[in-house]
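Hi,

Here is the structure I promised to pass on. Have a look at it first, and my notes follow below.

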Amino acid sequence: MRSIILTLFWILMLTTPYSIANAQDTLTISKCIEIALARNPAIKESQLLLQSIANTHQQNKRSLLPSVEGMLSPGYSLGRSIDPYTNSVTNSRIGTSSLWISADWLVYNGYQRKRASQQAALNVTASQFDVQTAKNRIVLEVLQACMQVLMLRELLTLAYNQAESTKRQIDRISKQIKLEVAPESASYSLQAQLASDEVQIINTYNDLKLANLSLDQLLNMPAGQHIEIEQPGYEPSTPVPDTWNDIYKTALVARPELKALETRLLAANKGIDMAKGLRHPVVSLRSTLGTAFSSVAKKAVASEEYVQTPINAFITVDGKTYQASAINQSMALSNIGYFSQLNLNRAFSIDLSIRIPILNATQASYKIQEAKIQKLILSNQQVHAKQELKRQIEQAFITVKSTAERGQSLERQVKSLEKVLHVAEVKLSNGIASPVEFLLAKNDLERARISFIQTKYEYCLRKQVLDFLRDGSE
């Protein structure tokens, strides 16, 4: 009955989303990493932050150019007001319009804006390395999750095979009991072992479900969607460098987090230069070109009529005195056209301003000191990052070496214990050995196989982590 339950349980697992067979998708580990990088929100956030910093850099670059702006100001006034054409007080209704274009250029301010642009460019580069660092974290998480799934699937297969092997021995002993060749007590230990095998299958299967769930979450896929991962090759004899120092030297120039810190140190130097610029004079240039229109603006125009106007002069004729008169062409007032006024009222100005700091030396000193402190903080972070990288490489290097050696030893042990189990099976079949001897050999082989599988995947993971730490990118 127990054998039937075990078989049904295994068939159920073969039809679940976590089945080793009937996979919906077969992906390489590289493809899983690609999917995770494309769907991970932390990566997208770091990329958006990079875009924001790049936008700031573009703004700083454009701030080096002169600022030019135009203004159009139409208006209408009632009652007492100032005529902009004549600057006289009037009570007339006036329609006005002013047009101005001005340019401001900060000629020199201790190169602060230039340094700010250079600092922003360095921050863009550092943010690009930050994006790569965020990707690296996801790569390591996906790599570990894939290895965990592969290992548990192989352990699940091993657990089922062990249970099948125990079941076959139970069937063989049951036949011997029926033939009264073996006592009924001979099956007790095998039945207990089968129960233990069933528990191992259930536990491994549950661990596999959790591992698949973790992988689904890293790939941002619906929970329970099965992903069949392509089995990587296992080569425990893959050569590893004799010392970790060579790997560390390569990693120092390859790791993006170190490149980001190095770039930010350069940006911190620009920050110090910017702060020192506060002690320099500020030279700015401003130029304005404008014109105006007034609806009440008039101009005198000669008419066709002539008028006689007395003047302060007298003429004597025949003893009579007459006041002299002047005959002048009469004048009339007419409105000045819009475009004519714009042409007549043009005004241009240019101003040079020099601002010399006198009492802001204290402020500049504080700014310089703060910029130097920020650089010291970054320097300390760089030292810490290098120490952490060295620690990780040392651990990974020792682990790869030890797991490679352990894997070769376990592989030889498995082959030897397979022979021991085969001998125990033959003896048990011929009735010259007890089930206990068979179970001891079987359990020794099972433990060796489990250790070998765990070591195999630990080696694969640690070797890839070591290569990853050396190369610095996925």
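Predicted model: local features only at pLDDT ≥ 70, side-chain atom pairs only at ≥ 80, totals over all residues.

Residues are numbered from 1 along each chain as its sequence is written, and side-chain values use heavy atoms, with hydrogens and water left out.

The structure holds 15 salt bridges. Arg115 and Asp273 form one of them, at 4.0 Å from N to O. Arg115 sits in helix α4 and Asp273 in helix α7 (residues 256-276), so this pair ties together parts that are 158 residues apart in sequence. Helices here are DSSP runs of H or I with at least four residues, strands are runs of E with at least two, and both are numbered from the N terminus. Arg115 is partly exposed at 21% relative accessibility, and Asp273 is too, at 30%. (Buried means under 20% relative accessible area, exposed over 50%, and partly exposed in between, with a 1.4 Å probe and protein chains only.)

Two other bridges stay within a helix. Glu388 and Arg391 meet at 2.3 Å, N to O, and they are 3 residues apart in helix α9 (residues 361-429), about one helical turn. Glu34 pairs with Lys31, their closest N and O atoms being 3.5 Å apart; both lie in helix α2 (residues 29-39), again 3 residues apart.

The loop between β5 (94-108) and α4 (112-178) is worth a look. Tyr111 lies there, with a positive phi near 60 degrees despite not being a glycine, and is partly exposed at 43%. Asn109 is in the loop between β5 and α4 as well, but counts as buried at 11% relative accessibility. Leaving out residues up to four places away in sequence, Asn109 touches Gly277, Pro281 and Val282 (contact means heavy atoms within 4.5 Å).

Asn220 also has a positive phi, about 55 degrees, without being a glycine. Asn220 is in the loop between α5 (188-218) and β6 (228-229).

Thr26 is exposed, at 56% relative accessible area.

Cheers

Terms used: Salt bridge = Lys/Arg side-chain N within 4 Å of Asp/Glu carboxyl O.
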